[in-house]
Amino acid sequence: MKHISRFIGSICLVLLSFISNAQEKSIKPVKVVTEKSPVKKDSIPLKKERYGLRVGVDLFKLTRSFYEKEYRGLELVGDYRLTRRHYLAAEIGNENKTVNDNQLNFTTKGTYLKVGFDFNTYENWLNMENIISVGLRYGLSSFSQTLNSYQIYNANSYFGEAPIIVLGGKFAGLSAQWVEVVAGVKAKVFNNVFVGFSFRLNRLISQKLPNNFDNLYIPGFNRTYNGNFGVGFNYTVSYFIPLYKSTVKPKEKKETVKKK
């Protein structure tokens, strides 16, 4: 009997082992499905640029009025940003200039207005607002000329110099129109404060001349050379008034297809 009971017990153990193995094979591991969190792509911070109005004054004309007795002048400057690179620009001012040459002395008084645009050729980095620009202006001036005195040129000085003739004649209601090619720089030195300078090459379009005289100096145009050409310069300090911001879209990288 003992042998039979041991045999039965061993058979039961073998059966239990088979059953347990079968259960392990039948039970498949359950995969836990979890929602994948979105993979964050490398993002470039969006650049925002400010748009607004910049107003200032020409320090060159303002300081010149202090150290040059025969000159008084003031020029206000301004520009408005239209696009990333284009600016509307304008200057308005007045001048009172006395010119004392070898043969004549005259005084020019008047006001002027210049309007046009600037194109910024400089690619700023993030949060930079500097400008290296080229542009055009249309200028218009209304002024008067006073011929204070003149001296007739004497080619033969054997009989002495010709006497100086004092006139005091005034020619009012004069005007001139011209175009300017402008190249300039503006740099941000403090928050919203800019300093800059520009060079100008002027070309007269039309002018109203006084009788028996010439417009040798035109407010806003400066001294005339060869009748129709002039040059100019200004040194400005201005303040930027921000109005709104615009987001700059990053440039999309073009995928290059490799040829097999």
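G56 has V77 as its bridge partner in β2. This pairing belongs to a predicted model, in which local features need pLDDT of at least 70 and side-chain atom pairs count only at pLDDT 80 or more, while totals for chains, interfaces and linings use all residues. Residues are numbered from 1 along each chain as its sequence is written, and side-chain values use heavy atoms, with hydrogens and water left out.

Two strands pair if DSSP finds at least two bridges between them. Strand β2 covers residues 71–81 and runs antiparallel to β1, to which five bridges join it. β2 also pairs with strand β3, residues 86–100, in the antiparallel sense, over eleven bridges. One of the residues in this pairing is R81, whose bridge partner in β3 is Y87. Four residues lie between β2 and β3, and the two strands form a hairpin.

These strands are part of a protein with two helices and ten strands. Read from the N terminus, the order of elements is α-β-α-β-β-β-β-β-β-β-β-β. The protein has 260 residues, and 33% of them count as buried; buried means under 20% relative accessible area, exposed over 50%, and partly exposed in between, with a 1.4 Å probe and protein chains only. A contact means heavy atoms within 4.5 Å. Among contacts with a separation of 6 or more, 64% are between residues 24 or more positions apart.

E49 is found in strand β1. Is E49 buried or exposed? E49 has a relative accessible area of 9% and is therefore buried. Apart from neighbours within four places in sequence, E49 is in contact with R81, R84, Y244, K245, S246 and V248. The side chains of E49 and R84 are joined by a polar contact of 3.2 Å. A polar contact is a pair of N or O atoms within 3.5 Å; within protein, one must be able to donate a hydrogen and the other to accept it, and residues adjacent in sequence count only if both atoms are side-chain atoms.

The second largest pocket has a volume of about 240 Å³. The 18 residues that line this pocket include E49, R50, R81, M128 and E129, which are the closest to its centre. Two elements give two or more residues to the lining: β1 (47–58) and β10 (229–248). The largest share, five residues, comes from β1. A pocket is an open set of points on a 1 Å grid over the protein atoms alone where a 1.4 Å probe fits, with protein on both sides within 12 Å along at least five of seven lines; lining residues have an atom within 4 Å of a point. The volume is the space filled by probe spheres set on the points, which are joined across faces, edges and corners. By class, the lining has five nonpolar, four polar and nine charged residues. Ala, Val, Leu, Ile, Met, Phe, Trp, Tyr, Cys and Pro count as nonpolar, Asp, Glu, Lys and Arg as charged, and the others, Gly among them, as polar.

Two asparagines remain. Most residues other than glycine have a negative phi. N192, however, has a positive phi, near 70°. N192 is in the loop between β6 (164–190) and β7 (193–207) and is buried, with a relative accessible area of 8%. N222 also has a positive phi, about 80°. N222 is in strand β9, residues 222–223, and is buried at a relative accessible area of 15%.
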